[in-house]
Structure formats: structure tokens, C-alpha cells
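Please look at the structure first.

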Amino acid sequence: MSYQTILFKQEGNVAFIQFYRPEAGNSINDQLIAELNEALQRCYTAATVVVLQGDAANFCTGADFQGINSLLKEGQAVNGHAALLYDIWRTIAEGPFVVVAHVKGKANAGGVGFVAAADIVIADTTARFSLSELLFGLFPACVLPFLVRKIGFQKAHYLTLMTKPITAVEASDAGLADVSGDNSDLLLQQHLGRLRLLNKAAVMKYKQYMNDFLKINREWQPSAIKANTDMFADAANLGRISRFVETGLLPWQESNPIHK
């Protein structure tokens, strides 16, 4: 299948999925969600290991603010993609494969959702992880069930409230990244050398077993989706997003634009 927003390749029992919207910071839109979902469905039978990655500058920067602003200008409703995106993160967390997030550059907002859902996280020293939503009157409703599962309530709470990026080392200390280093490509290959050896049927049974322990993803899904939908229906929130896209100004700024 030909994709427009992701790159897909398979090497034996390892599938590589790369976010490929470099002009938009590898942000999330309808097409990326649809293509990513299709690629992950292929992996159900074809892959034991799935590697998620972006490019050197951006892993994934979350919601496509440019796209949101375009919809508003056209008078169209804004969809926060909550249900579809949540299902993708559940697929990553619960699917019959080991998902490795290989992070270089920025992982922001929904990008952290992919990291939090992954089984193993390898962070390059260039990686920066942030939850910027509260700056715009939003909060990471759909990310948090996965993030709390991975790093615990208080650390997820702190990242959400502070909104500032943390380094690869800080992410490792928090438990968000499993390993970090200057040569993350080498680290990835070292990990794949072991992961390729795993039995797919055993991986599937193991992940089913672990997910029975950690049911937070399923239990919180309805409230997370509702909260996300409500936030993207709020005119004040959408106004802050539009202002940022058009001027580069964060909500409290009157001048000196800072870009995402």
C-alpha cells in the first residue's frame, strides 16, 4: 500500500513505521491516523516487533494546529481525533507485537501518547518530551491513562502542569524512556538483535497477561474521549490555537513570538 503521511518497511519479522509529515513537524491529522491504523493492522500477522520513529528534528509534535486553524477558517467543525487516536494507542499497548518507540527531536502532546503506549522507548540525546496542552487551555486527556500506567500518577501530573520539555536523561530518570544515548541508532539495532528472536505467539500471550494487570487504558477510555471532545469544541481553546498559528504568540504573550 502507498502511504502519504508515514513510511512503512518490513525486515523479516520487524516492521518500521516512520511518521512522515516533515513539513508539519510530524503532527497528527486524519490521514496519518488512518494510515497508521492500517499499517498497525498489517503488523498483527506480519510482525513480532514494530519500530515507531520520526525524523531527526521531530518524533511527533501532537495535534496539527495548522490543520485545525484551516478548518476554523473554512467554518468546519474541529475533531480532536480522540476515539481513533485512543484506539491506536491501545493497539500499540495491547497488540500482539513489541512496539519500540525510537525518539529523536521533539515528542510533544500526542507524540508523548505514542511514547507512553510503547513497550520499549529508546531516546536519542536530542530527544525532548513535553506536554504543552495546558498552555492553550487543553489538557492531555487521552495521553494520561497511558502515561500514568508507564511512569505513575505524580510524575505524569508534574509533566502536565509544568508544560516544559524534559531531556532524554530526565525522561530516563522518570521511567518514560528505557534507555538513552548519543547513538540511538546503534542502541536500536542492539535491542532489535534480541527482540527479533522472540516468539510471536509468546509475545501475544505475554502482552495479554500484562494488560489484564493494567486495565487503566480500557477503564479510562470513555471519560478521556469525552474530555478531549469537549476541549476541542470550546471556542476559547480554538481561538488560542488559531492565534498561535497565525502570530506565533502563546496565550499570555503580546509580542516576541515563540514558535512551537
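In which sense do β3 and strand β5 (residues 98-103) pair, and over how many bridges? β3 and β5 pair in the parallel sense over five bridges. The model is predicted: local features need pLDDT of at least 70 and side-chain atom pairs count only at pLDDT 80 or more, while totals for chains, interfaces and linings use all residues. Residues are numbered from 1 along each chain as its sequence is written, and side-chain values use heavy atoms, with hydrogens and water left out.

- Helices (H or I, at least four residues) and strands (E, at least two) are DSSP runs, numbered from the N terminus, and two strands pair if DSSP finds at least two bridges between them.
- In the pairing with β5, V50 has V99 as its bridge partner.
- Strand β2 (residues 14-19) also pairs with β3 in the parallel sense over five bridges, and Q18 has Q53 of β3 as its bridge partner.
- From β2 the chain crosses through helix α1 (residues 30-46) to β3 in a right-handed β-α-β crossover (clockwise from the first strand over the helix to the second, with the strands pointing away from the viewer).
- Five of the five residues of β3 (residues 49-53) are buried, so the strand is largely enclosed by the rest of the structure; buried means under 20% relative accessible area, exposed over 50%, and partly exposed in between (1.4 Å probe, protein chains only).
- V49, V51 and Q53 lie on one side of β3, and V50 and L52 on the other.

**Aromatic pairs**

- The structure holds eleven aromatic pairs, defined by Phe, Tyr or Trp (six-membered) ring centres within 6.5 Å; planes under 30 degrees apart count as stacked, over 60 as edge-to-face and the rest as tilted.
- One of them is the edge-to-face pair of Y44 and F97, with 5.5 Å centre to centre and 80° between the planes.
- Y44 is in helix α1 and F97 in the loop between α3 (82-94) and β5, 53 residues apart; Y44 is partly exposed at 32%, whereas F97 is buried at 0%.
- The rings of Y86 and F146 have centres 5.0 Å apart and planes at 55°, so this pair is tilted.
- Ring pairs link F19, F59, Y86, W89, F114 and F146 into a cluster.

**Cysteines**

- The whole structure has zero disulfides (cysteine sulfur atoms within 2.5 Å).
- The closest cysteine sulfur to that of C43 is in C60, 17 Å away and too far for a bond.
- For C60, the closest is in C142, at 14 Å, also too far for a bond.
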